[in-house]
Amino acid sequence: MEVYLAQPRGFCAGVVRAIEIVERALEKYGPPVYVRHEIVHNKYVVESLKNKGAIFVEELSEVPPKAVTVFSAHGVARSVEEEAAARDLPVLNATCPLVTKVHNQGKRYITKGRTLILIGHAGHPEVEGTMGQVPGPVQLVQSVEEVNALTLPADTPMAYITQTTLSVDDTKDIIAALQARFTDIQGPDIRDICYATQNRQTAVRDLSKLVDVILVVGAANSSNSNRLREIGTEAGVASYLIADGSELNPAWLKDARTVGVTAGASAPEVLVDDVIEAMRRIGPVKVSVLPGREENIEFRLPAQLAAS
């Protein structure tokens, strides 16, 4: 079997930074370190950090007094920040800088008196954090139909922001519908969309032209991993989301001569290796990496950890 690895795939700079924050906090302060919500949406990453002494909680009420607390890469609402401050918890904020940028854009639009639309998935922690960061009402829209259902007058001063795990391609139809619906609307430059989301989706589209089957390594609750699988399917290629090699179904590869492999932004390369090993147990495999965009972005660590 010919196996083509998408480039880029796997960890993005925001995920690398978030994981490093937890690891450095454990080194500097010693375990346990408490993390609110999964640091990133990947069970392997979460379990490996648990083994080093991280304790994952969903609510700050589960964190003991004075315990070092990390906010996940997805970001949190202001109410969570205020609760942590009221309890005097030492906080390390692992929110992805690109998510923070979206928060700041939303705040600016509200300050200018604009009605704010957030394009994103209901219930996603990043969406909940963003809606809780903006000091004013935010309307969430998930589809063109929801844009058309808005009851605001056409001349309402509007603005939109987007969930970072959605690409330019994911949001363009909704943005076009908003621009057609409202006469006074502003939004961020498309260059402000998460580079990693767009790059990984572009790589899957390139991959889909070459292969019979696509395997996306990632977690079932990872928004960007699910979208990569959908893109493969939309391109007419049988595409499957798998957490690791143990979930590989040999029947998927029965008639495949070429297989494409990629990974969501929160999936480590070790899991890609695990999937390839599972394929080797089925039959001989030749692996090659497709040319693709090189990513050299690095995000700075919080000041408390940078010098440690």
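A residue is classed as buried when its relative accessible area is under 20%, as exposed when it is over 50%, and as partly exposed in between. In this predicted model, glutamate 20 has a relative accessibility of 27% and is therefore partly exposed. The side chain of glutamate 20 meets that of arginine 24 in a salt bridge, with an N to O distance of 2.9 Å. Both residues belong to helix H1, where a spacing of four residues separates them by about one helical turn.

The whole structure contains 14 salt bridges. A further one of these pairs glutamate 47 with lysine 50, whose closest N and O atoms are 3.4 Å apart. These two residues are three positions apart in helix H2, again about one turn of the helix. Glutamate 47 is partly exposed because its relative accessibility is 32%, and lysine 50, at 40%, is likewise partly exposed.

A salt bridge also links glutamate 234 to arginine 227, with 3.1 Å between the closest N and O atoms. The two partners fall into separate accessibility classes: glutamate 234 is exposed at 56%, whereas arginine 227 is buried, with a relative accessible area of 15%. Through shared partners, salt bridges join Asp170, Arg227, Glu230 and Glu234 into one network.

The largest nonpolar core comprises 32 residues, among which Val22, Ile39, Leu49 and Val70 touch the most other members. Two or more residues of this core come from each of helix H1 (13–29), strand S2 (33–36), helix H2 (43–52), strand S3, helix H4 (97–111) and helix H8 (195–208). The greatest contribution is that of H1, which gives eight residues.

With a relative accessibility of 43%, glutamate 59 is classed as partly exposed.

Threonine 258 is part of strand S12, which spans residues 258–263. The relative accessibility of threonine 258 is 16%, so this residue counts as buried. Between threonine 258 and valine 213 the C-alpha to C-alpha distance is 6.9 Å, although 45 residues separate them in sequence.

Terms used:
Residues numbered from 1 in each chain as written. Predicted model: local features only at pLDDT ≥ 70, side-chain atom pairs only at ≥ 80, totals over all residues. Heavy atoms only, no water. Buried < 20%, exposed > 50% of the residue type's maximum accessible area, 1.4 Å probe, protein only. Core = buried A, V, L, I, M, F, W, Y, C linked by side-chain atoms within 4.5 Å. Salt bridge = Lys/Arg side-chain N within 4 Å of Asp/Glu carboxyl O.
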